[in-house]
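Please keep the sequence and the three-dimensional view at hand while reading the points below.

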Amino acid sequence: VQPDAGALDPTLKAAQQGEVAAFNTLIQAHQRQVFNVCYRMLGNAEDAADATQDALLNAFRAVKSFNGPAAGLRSWLLRIAANTCYDQLRRRQRKPSDSLDALHTTDADPEPSLAERLQDPRPGPEQQSLSAETARHIQQAIDLLPAEQRLTVVLCDVQGLSYDEAAQIMSIELGTVKSRLSRARAQLRVLLSEKGELPAGSTRLQQRSP
Amino acid sequence: VTQPASHIDDDVLSAFVDQQLSTDDLARARAHLETCADCQERLDGFRSVATLLRQLPEVEPPRDFALGLRLVGEPPNVVRLRRWYAAARITAAGLAAVFVCLLAGTLYLSAQPAAPAASVARPQTLSAPVAATPNPAVAARSQAAAPQPQAAQQPQAVPPSQTGSSQVGSAQPQAAQPQPADGVAAAPHPATLSAQSDDQVAAATSVSPLPTPPPTPVPTAVAAPVAAAVATAESAPGAPLGLGALGIGVLAIVALLIALVARHRLQRASTV
């Protein structure tokens, strides 16, 4: 068995020559994260699945132009995914009824329907701590952010990527990442306080603060 | 010691949470935070938000997103070609349909002068007497001697004065039958006609009793005048229509060519 880097390069080369199977091997490790970024950006699993598929298809078509090291593949895929999400959000804006509906559901904060509850993301085994209700409130707050702030907070806080990688994915300066992130967090703090999610969170946190 | 005169920026506090400050900035922020409850509170706010977000559960993808061959099968240029092909094909078909309609309209309009005579005369075909007057003779003759060019001239040859006579009318539908053969046969010559009719009395009497089934008189009867009308488009009532039809026809051919080229390239692309 070859070391990772050596094994990845032939696969990348094959993918760049149009081999679908090789491409699928490449994205295998990343598709879950791509889907999760799309999910947090778009707010529901259906749109996220569509966006993920679109993004990966776009990635396949563009993989010839990917000339970075194989290690940069994740950033590259996430950039394509982010652009796909932006497109989808823009399309939503053009359909005012849809976006109005979305606003209403998030503003009114209704009880989740049975379908919604069934569709609710199942928490991973290590993340049982956060209640489904809180997760829903957080997602609703994220949905209200401007798209760029949303992406920044999804990449840095939800996905836990470094500022550097976030800057690379969004093709912006490090300082811009910082300011977008701080604005997104400030706004989320207000939104989540309104929903009563933050007091509990902040006290928990203060005990752990240095 | 820099006294905390001004509060710490949001950006700095947010970056403080992630330990993304340079050592200088970090020291300055720490010094300020020790004395400023406001900034401490804001820092806690940022930290609590970040912590909450980090606890968001990962979502299970609903399916595997590995690309299927069906999804990938067509590179963008093929997709584009396919779109061109479909569009050109539909356009060509639509233009061809319009062309046919315009052409039919042109033919109809140019046939108008001859039409009244035909419509008046035709109903009488059935009741046409067997009696051999010069005029039925013409009709019968044209049946009997179908290939003769005179037959084609018959519909146009009807002089206005004769429209009332059933015999002339009866002649027309049958006269039309042989027309496709020599449909191009041009303008009417009343003189020759009348001469012939006299000649053909005998033939007419022998043949006319046979009731030939009425053929499709209108299109055939119309063909000759129309050919003339299209050819000499001026002054004919269908002239503008005819020109339009010509233009549409050319466009249809262009669209057809585009479709053919697209299809050719598509085939080449798919074989590669």
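A residue is called buried when its relative accessible area is under 20%, exposed when it is over 50%, and partly exposed in between. By this rule Cys36(B), at 9% relative accessibility, counts as buried. The structure discussed here is a predicted model.

**Chain B as a whole**

- Chain B contains 14 helices and zero strands.
- Of the 272 residues in chain B, 38% are buried.
- Among contacts in chain B with a separation of 6 or more, 86% are between residues 24 or more positions apart.
- The accessible surface of chain B is about 15000 Å², and carbon and sulfur atoms account for 65% of this surface.

**The contact between the two chains**

- Chain A contributes 52 residues to the contact, and chain B contributes 38 residues.
- Together the two chains bury about 4400 Å² between them, with 61% of that area on carbon and sulfur atoms.
- Five salt bridges are found across the interface of chain A and chain B.

**Salt bridges**

- Side chains of opposite charge can pair when their charged atoms come close.
- Over all chains, a search of the whole structure finds 14 salt bridges.
- One of them is formed by Arg32(A) and Glu58(B), whose closest N and O atoms are 2.4 Å apart.
- Arg32(A) belongs to helix α3 (residues 31-42) of chain A, while Glu58(B) sits in the loop between α3 (37-54) and α4 (69-72) of chain B, so this pair joins two chains.
- Both partners are partly exposed: Arg32(A) has a relative accessible area of 31%, and Glu58(B) has one of 33%.
- Within chain A, Arg74(A) forms a salt bridge with Glu165(A), and the closest N and O atoms are 2.7 Å apart.
- Because Arg74(A) lies in helix α5 and Glu165(A) in helix α10 (residues 163-170) of chain A, the pair ties together parts that are 91 residues apart in sequence.
- Arg74(A) is partly exposed, with a relative accessible area of 26%, whereas Glu165(A) counts as buried at 13% relative accessibility.
- Glu148(A) and Arg180(A) also form a salt bridge, with 3.5 Å between their closest N and O atoms.
- Glu148(A) is in helix α9 (residues 147-158) and Arg180(A) is in helix α11 (residues 174-194) of chain A, so the pair ties together parts that are 32 residues apart in sequence.
- Glu148(A) counts as partly exposed at 42% relative accessibility, whereas Arg180(A) is buried, with a relative accessible area of 12%.
- A network of salt bridges links Asp157(A), Arg185(A), Asp18(B) and Arg54(B).

**Cysteines**

- A disulfide is a covalent bond between the sulfur atoms of two cysteines.
- For Cys36(B), the closest cysteine sulfur is that of Cys39(B), at 3.6 Å. The pair is too far apart for a bond, because a disulfide requires the two sulfur atoms to be within 2.5 Å.
- Cys156(A) is buried, with a relative accessible area of 1%.

**Surface features**

- Which residues form a nonpolar patch on the surface of chain B? They are Trp84(B), Val250(B), Val254(B) and Ile258(B), with about 380 Å² of accessible area together.
- Helix α14 (residues 239-271) of chain B gives the most to this patch, namely three residues.
- Trp84(B) lies in helix α5 (residues 76-111) of chain B, and at 52% relative accessibility it counts as exposed.
- In chain A, Pro69(A) is located in the loop between α4 (45-62) and α5 (73-94).
- Pro69(A) counts as exposed, at 60% relative accessibility.
- Pro69(A) and Asp9(A) are 60 residues apart along the chain, and their C-alpha atoms are separated by 8.4 Å.

Note on methods:
Residues numbered from 1 in each chain as written. Chains lettered and ligands numbered in written order. Predicted model: local features only at pLDDT ≥ 70, side-chain atom pairs only at ≥ 80, totals over all residues. Heavy atoms only, no water. Patch = residues over 30% accessible without salt bridge, like charges linked within 9 Å, V, L, I, M, F, W, Y side chains within 5 Å. Areas by Shrake-Rupley, 256 points an atom, 1.4 Å probe, with all protein chains shown as cover. Salt bridge = Lys/Arg side-chain N within 4 Å of Asp/Glu carboxyl O. Helix = DSSP H or I, 4+ residues; strand = E, 2+ residues; numbered from the N terminus. Buried < 20%, exposed > 50% of the residue type's maximum accessible area, 1.4 Å probe, protein only. Contact = heavy atoms within 4.5 Å. Buried area = accessible area lost by both parts, 1.4 Å probe.
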